[in-house]
Amino acid sequence: MEYFADSYDVIVIGAGHAGIEAGLASARLGCKTAVFTINLDWIGNMPCNPSIGGTSKGHLVREIDALGGEMGKAADKYCLQSRMLNLGKGPAVHSLRAQIDRREYSKGMKHTLELQENLDIRQAEIVDLFKNGDGLWQLKTRLEAIYTAKAVIVATGTFLGGRVYIGDVSYESGPDGMFPATQLSNALKRLGIPLRRFKTGTPSRVNRRSVDFSKTEVQEGDAHTVAFSFESETPPENKVCCHITYTNEKTKQIILENLHRSPMYSGKIEGKGPRYCPSFEDKIVRFSDKQRHQLFIEPCGLETEELYLQGLSSSLPEDVQIAFIHTIPGLENAKVMRTAYAIEYDCVDPTALKATLEFNDFGGLYGAGQFNGSSGYEEAAAQGLVAGINAALKIKGKPPLVLDRGGSYIGTLIDDLVTKGCSDPYRMMTSRSEYRLVLRQDNADARLTPTGYEIGLISEERYKKFLAKQNAVAAERRRIETTSLPVTDRLQQILADCGTSPLSKSCKIIELLRRPQVTYEKIKPVDISRPDLPEEVLEQVEIAVKYEGYIAKQEQQIKELRRIESKRIPDDIDYSSLKGLRLEAVEKLAKIRPENLGQASRISGVNPADITALNIILESL
């Protein structure tokens, strides 16, 4: 029998990486919040690779932290190995990545939620939701408890209508053998939410005792590690090594001989899979000329012997998986602990959402994470944070948080989803941003901490430390602009060792740092006036000096972007009544409902002539 259980300001459905950030943000902003999950012991689970960060994803984690989110702090706390990727390239694409102790991370995040004021967490499956006549959302659990909320955030990950595929075997399931959320899909469809099917997958796990590491390459962590969180006072410690091995022609042969047994190629799987993280059998077909593929053998935690085989996702039958694993050097006798699988799930067409992640047609209903068509823990956490903030701000009657493409990777991620949509699981990449030299991971605090402070997620103490850092950066910039280094034999030798021309007279430090070959570290022996500054301060100054021309150009482009985006489009505009727009443009604009002219210009099917016409129309309104 149904019974009324409680009422909340915000209810979050799901406690993965999106749900965690959404619940914490809402509660920390003073809203009475509840987070519902099918299994409390799987909060913050990492059903795929137990790692956080990586190319462009490290940027997202830094931005989450700068706004006051939790992921960066937890990643630092439960880090097993830390590496900065792409150091051979420019600072725009440097990206931090950490291997994580997955069970400790999950336990830690659960405890963080348990300790949070204004937040309840409940193990219960939400099976129905709809809006009452009083404007409140009503939710029902499988146990027939009724809850009401002013706002609801759907962060269901891959649980919604989840179905696992392993060869000919298929069954309803969430990730890692969890129960799926089946009835909620029907409730969303009844509301008129546009759902579709996506697919993702994960590799087998093997027992460390059965791996011959002498046939693999050792991959150490960085000697000098860096924290994700700007609040972490000590860098994380490398506690484990990862290893690299390679597939071969025999591996390829087994895959090709058994393609007919793959549900991907037999047509059983209908959902679209991630383009940039394909299953191993898909890689074999798409890159048929490659003789081998690189694999990473990565630990899942300190208190387990499970190893993750990164790069070996598959939905082939279990016997085929075991056979091709045993062809790989070091894995000839590997004991499989968990079989690889593909999972299909329901998600929304994100063009049904606003830039706040609230639905266009359903006030107070928000989407976040894989439910919005993205892939990755970091993308999910970023959306969860924004959805949680906006739900709380709406309830408090405050203006929403809309992050634009010129200010953050989070803004780029959300703008891509809500204006362009996605035909397969969306993955963040540095190439998706037009302004990546400005949106570096190292300056995420300078870009977003003032916003986090203004919203209320950054404490006064943290903000004062941030301002002290910014003041130190400014003071050091003034010093190098006004301080000259005299010509000495030591300085000339340093310049010769750097492979750059000698000086004929004294030179301002800033002029030396503008030379590509010269760094702060190299001129340290002759820069006797340099104060004792943290490395992060010197890094900010040096990057700004070396790339200031390029940065200035991108900042001008961002200024123009914001000028265009300041031209708001009325919510009630009737595109069909406007003259000068092509039929395709009218259809796309009416469906996506862009909030400003900049957003409209990025919609597929809307061309520059349409934008010019729309701009003229807006000027006349």
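The buried residues of helix α9 (318-325) pack against β10 (163-166), α6 (249-257), α8 (280-286), β17 (306-310) and β18 (336-338). Here, buried means under 20% relative accessible area, with exposed over 50% and partly exposed in between, using a 1.4 Å probe and protein chains only. Packing rests on contact, that is, heavy atoms within 4.5 Å. Helices (H or I, at least four residues) and strands (E, at least two) are DSSP runs, numbered from the N terminus.

This is a predicted model: local features need pLDDT of at least 70 and side-chain atom pairs count only at pLDDT 80 or more, while totals for chains, interfaces and linings use all residues. Residues are numbered from 1 along each chain as its sequence is written, and side-chain values use heavy atoms, with hydrogens and water left out.

Back to the helices. In α9, the buried set is Val320, Gln321, Phe324 and Ile325. Seen down the axis of α9, these fall within an arc of 130°, so they line one face of the helix. The arc is taken from the directions from the helix axis to the C-beta atoms. An α-helix has 3.6 residues a turn, so residues three or four places apart point the same way.

For α6, the buried residues are Thr251, Lys252, Ile254 and Ile255. Their arc of only 160° around the axis puts them on the same side of α6. Among the elements covering them are α8 and α9.

Next, the polar contacts, meaning pairs of N or O atoms within 3.5 Å; within protein, one must be able to donate a hydrogen and the other to accept it, and residues adjacent in sequence count only if both atoms are side-chain atoms.

| Side-chain group | Partner | Distance |
|---|---|---|
| Asp404, side chain | Arg562, side chain | 2.7 Å |

Asp404 sits in the loop between α10 (377-395) and α11 (409-420), and Asp404 is buried, at a relative accessible area of 18%. Setting aside neighbours within four places in sequence, Asp404 touches Gly411, Thr412, Arg562 and Glu565.

Finally, there's an open sheet of four strands, ordered β11-β10-β19-β12 with antiparallel pairing. β11 (169-172) and β12 (195-202) are the edge strands, each pairing on one side only. Two strands pair if DSSP finds at least two bridges between them; β12 and β19 (341-348) have eight, in the antiparallel sense. One example: Thr200 has Ile343 of β19 as its bridge partner.
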